[in-house]
Amino acid sequence: MPQTPPFTGQLNTSGYNKNLYQSKEEGYPGLFYHDNNLVSGSLEALIHHLVPTVDYYPDRTYIFTFLLSARLFIRPYELMSKVCHLCMEQQRLSDPQADKIRVRKIAPKVLQLLTEWTETFPYDFRDERMMRSLKELTHRLASGDEVYRKALGQMSQGLIRRLTVLSQYEEALSKINATATERLAALKAKPQASIQRDLLSICNDPFTVAQQLTHIELERLSYIGPEEFIQAFVQKDPLDNDKSCFSDHKKASNLEAYVEWFNRLSYLVATEICLPVKKKHRARVIEFFIDVARECFNIGNFNSLMAIISGMNMSPVSRLKKTWSKVKTAKFDILEHQMDPSSNFYNYRTALRGATQRSITANSSREKIVIPFFSLLIKDIYFLNEGCVNRLKNGHVNFEKFWELAKQVSEFMTWKKVECPFEKDRKILQYLLTAPVFTEDALYLASYESEGPENNMEKDRWKTLRCV
């Protein structure tokens with residue numbers, strides 16, 4: 001049974017070439033090409049273009065791009081229903097007397113399409129309506145041959161396994177968040193009695209901490225579905241009289257959880273720096289995190305690197321001038337230069353390209369690691385989405401835009417599949433994920449207590465915070 005792994009490489013930037021891939025009738029009416037590349041089409045024509053026939057199978061880049069972007073116009077379960085209907089109608093699969101030879105010819109292709117859908121967009125199938133359509137179509141195909149029954153069974157088991165793993169991850173995430181909340185509540189209730197341990201007392205090796213941060217990053221990245229980038233920005237389709245396509249659908253919870261992790265790490269860094277009473281201890285913590293950030297950069301973990309820099313640049317930390325005077329900042333200046341936002345993060349984008357190139361030619365799993373500065377990736381996709389219309393004036397889907405969106409998302413798909421090569425340290429991971437993290441007000445209070453207010457504005461703020 002031919003089964004190609006989902007998206008092993010990046011999308012071909014030239015888009016979908018009609019001459020290379022099309023063996024269906026000379027294009028379903030309503031598809032438009034420029035220089036042999038598909039640039040637009042009616043939604044109906046694009047759906048027809050997705051459905052295999054006995055002598056036609058859509059190009060894999062087209063499948064990914066369409067399944068990714070179609071959700072802006074049609075709910076996934078409605079698309080699945082249409083695909084099922086077209087398969088049955090075109091191949092007369094609904095006929096109990098359907099020609100078994102014909103079923104045997106079409107079954108491998110429909111099975112491959114369903115396999116690509118369930119492997120690349122498994123979260124679509126958390127919807128019961130999706131599962132109903134999937135079962136209906138697979139039932140028709142299974143009547144053709146024992147071989148296909150077995151292959152369909154394997155595909156279904158793979159899907160159930162992926163959805164089970166996702167549910168277990170969400171449950172584990174919920175427990176981690178609950179533990180972090182409990183530990184913070186305990187710290188607030190008895191601030192003196194529960195003097196919290198700091199990270200340096202658990203691990204004073206920057207490389208090990210950077211490795212554990214990379215574990216967390218890669219695990220959380222791996223659960224983000226490609227569709228979440230689209231669903232994060234979904235708006236009502238002007239040609240759809242109904243509510244937004246996702247009023248009744250999972251949105252972008254794994255993507256949001258990952259953004260929350262970035263914020264947590266920034267605040268954890270700031271908390272660790274503001275907690276110590278002694279100036280030299282605070283300086284030591286700053287230098288430690290500079291070294292952790294440098295190791296993250298060397299690994300290719302740009303997200304943790306940026307979170308650490310963000311934590312160190314928070315006002316309650318940056319105002320600690322006496323502390324910073326004790327810090328050797330040369331290494332920090334280099335890291336800040338690498339992540340400098342000027343010229344649209346030119347330095348970071350250059351480093352990211354270098355890491356991506358290293359990943360492509362990698363001999364070891366460690367060299368494959370590329371963890372992008374995630375907020376910037378989302379911003380890039382957001383501006384690409386906002387900068388181009390989804391539909392052209394004639395009502396056609398602007399497929400040129402979706403080639404570009406899919407190209408960016410497919411690169412992320414390659415990065416998120418990398419297995420973390422480092423050994424896990426449960427104690428460090430537990431601390432990074434659940435140690436109490438101060439709010440901004442609590443950070444300011446700790447900062448003023450370490451180094452007193454310097455001007456009237458700071459004095460007023462300190463007075464207000466102490467009265468709360």
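**A charged pair and its setting**

Modeller: Glutamate 458 and arginine 319 are both buried (under 20% relative accessible area; exposed is over 50%, partly exposed in between; 1.4 Å probe, protein chains only). The model is predicted, so local features need pLDDT of at least 70 and side-chain atom pairs pLDDT 80 or more, while totals for chains, interfaces and linings use all residues. Residues are numbered from 1 along each chain as its sequence is written, and side-chain values use heavy atoms, with hydrogens and water left out.

Glutamate 458 and arginine 319 form a salt bridge, with the closest N and O atoms 3.0 Å apart. A salt bridge here is a side-chain nitrogen of Lys or Arg within 4 Å of a carboxyl oxygen of Asp or Glu. Glutamate 458 belongs to helix H22 (residues 456-467), and arginine 319 to the loop between helix H14 (315-318) and helix H15 (321-324), so the bridge ties together parts 139 residues apart in sequence. Helices (H or I, at least four residues) are DSSP runs, as are strands (E, at least two), numbered from the N terminus.

A second bridge joins glutamate 454 and lysine 321, at 3.8 Å from N to O. It too links distant parts of the chain: glutamate 454 is in the loop between helix H21 (440-450) and H22, and lysine 321 is in helix H15, 133 residues apart. Glutamate 454 and lysine 321 are both exposed.

The whole structure has 13 salt bridges. Another of them pairs arginine 129 with aspartate 127, at 2.9 Å from N to O. Arginine 129 is partly exposed, at 26% relative accessibility. Aspartate 127 is buried, at 10%.

Now the helix packing. Helices H11 (residues 253-274) and H12 (residues 279-299) pack at about 150°, with axes 8 Å apart. Axes are lines fitted to C-alpha atoms, for helices over the stretch in contact; angles run from 0 to 180 degrees between N-to-C directions. H11 and H12 are therefore roughly antiparallel. That class covers angles over 145 degrees; under 35 is roughly parallel, 65 to 115 roughly perpendicular, and the rest oblique. Val269, Glu272 and Ile273 of H11 meet Arg282, Val285, Ile286 and Phe289 of H12.

Proline 276 sits in the loop between H11 and H12. At 9% relative accessibility, proline 276 is buried. Beyond neighbours within four places in sequence, proline 276 is in contact (heavy atoms within 4.5 Å) with His281, Arg282, Val285 and Ser450. The C-alpha atoms of proline 276 and serine 450 are 8.1 Å apart, across 174 residues of chain.

Helices H3 (residues 60-69) and H19 (residues 399-416) pack at about 100°, with axes 9 Å apart. H3 is therefore roughly perpendicular to H19. The contact includes Phe64, Phe66 and Leu68 of H3 and Phe399, Trp403 and Val409 of H19.

Phe66 also figures in the core. The largest nonpolar core has 136 residues, of which Phe66, Phe229, Met312 and Phe374 touch the most other members. Such a core is a set of buried Ala, Val, Leu, Ile, Met, Phe, Trp, Tyr and Cys residues joined through side-chain atoms within 4.5 Å. Not counting residues up to four places away in sequence, phenylalanine 66 touches Leu43, Leu46, Ile47, Leu50, Leu79 and Phe399.
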